[in-house]
Amino acid sequence: MRTSVFEPVLAVALVGLACKGPDDVSAGATSFHATLTTGAEATVTPPIADTISTNAAGTATFTVAPGDSVDFTLTISSAFPDSILFAHIHLGAAGVAGGVRLNLCGTGGGLPLCPAHSGTLSGRRTVVAGGITFAALLAAMRSFGAYANVHGSTHGGGEIRGQIIPDAP
């Protein structure tokens, strides 16, 4: 019987396509993080990062919770020079402005107030902004298509920002 080298190679290739590889680590991610800096705030022309001269910085962590919700911890580690007004999750790739999809803190709508200039805030939120489903928000977070943004009174469009990165499942 004559055998072909092609058949085993094809079988290995098909198995490789069917299995998750190292590039798919975000496919099942249920926890995420973001490092927020002024340098990532490039959502207007000229980039707003060119006009921000503060050392404001922070981190955010997110974990999928029951009931189509997200548990979060927002830490502002370097003090804002002005008052923090709002913090949100937006949809958008790095350097691209996107709409608010999940409110973390601010005024109105039963939201807790953000830390005044620095500090930590934790809570649980459900998707309520922009008519997006929880599944769509989670897909964006898993594919690097969402970012956390903190808005101050001097830079209402955002003062620090960080792309949301999925943690390995």
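What percentage of the 169 residues of the chain count as buried? The share is 38%, where buried means under 20% relative accessible area with a 1.4 Å probe, protein chains only. This is a predicted model: local features need pLDDT of at least 70, side-chain atom pairs count only at pLDDT 80 or more, and totals for chains, interfaces and linings use all residues. Residues are numbered from 1 along each chain as its sequence is written, and side-chain values use heavy atoms, without hydrogens and water.

View 1. In sequence order the pattern reads α-β-β-β-β-β-β-α-β-β-β. Among contacts (heavy atoms within 4.5 Å) with a separation of 6 or more, 65% link residues 24 or more positions apart.

**View 2. Strand β1 covers residues 31–37.** In a regular strand the side chains alternate between the two faces of the sheet. Here Phe32, Ala34 and Leu36 point to one face and are buried.

**View 3. β1 pairs with β2, residues 57–65.** Pairing requires at least two DSSP bridges between two strands. β1 and β2 run antiparallel over seven bridges. Phe62 in β2 is the bridge partner of Phe32.

**View 4. β1 also joins β9, residues 165–166.** Two bridges link these antiparallel strands. Here the bridge partner of Phe32 is Pro166 in β9.

Technical notes:
Buried means under 20% relative accessible area, exposed over 50%, partly exposed in between (1.4 Å probe, protein chains only). Helices (H or I, at least four residues) and strands (E, at least two) are DSSP runs, numbered from the N terminus.
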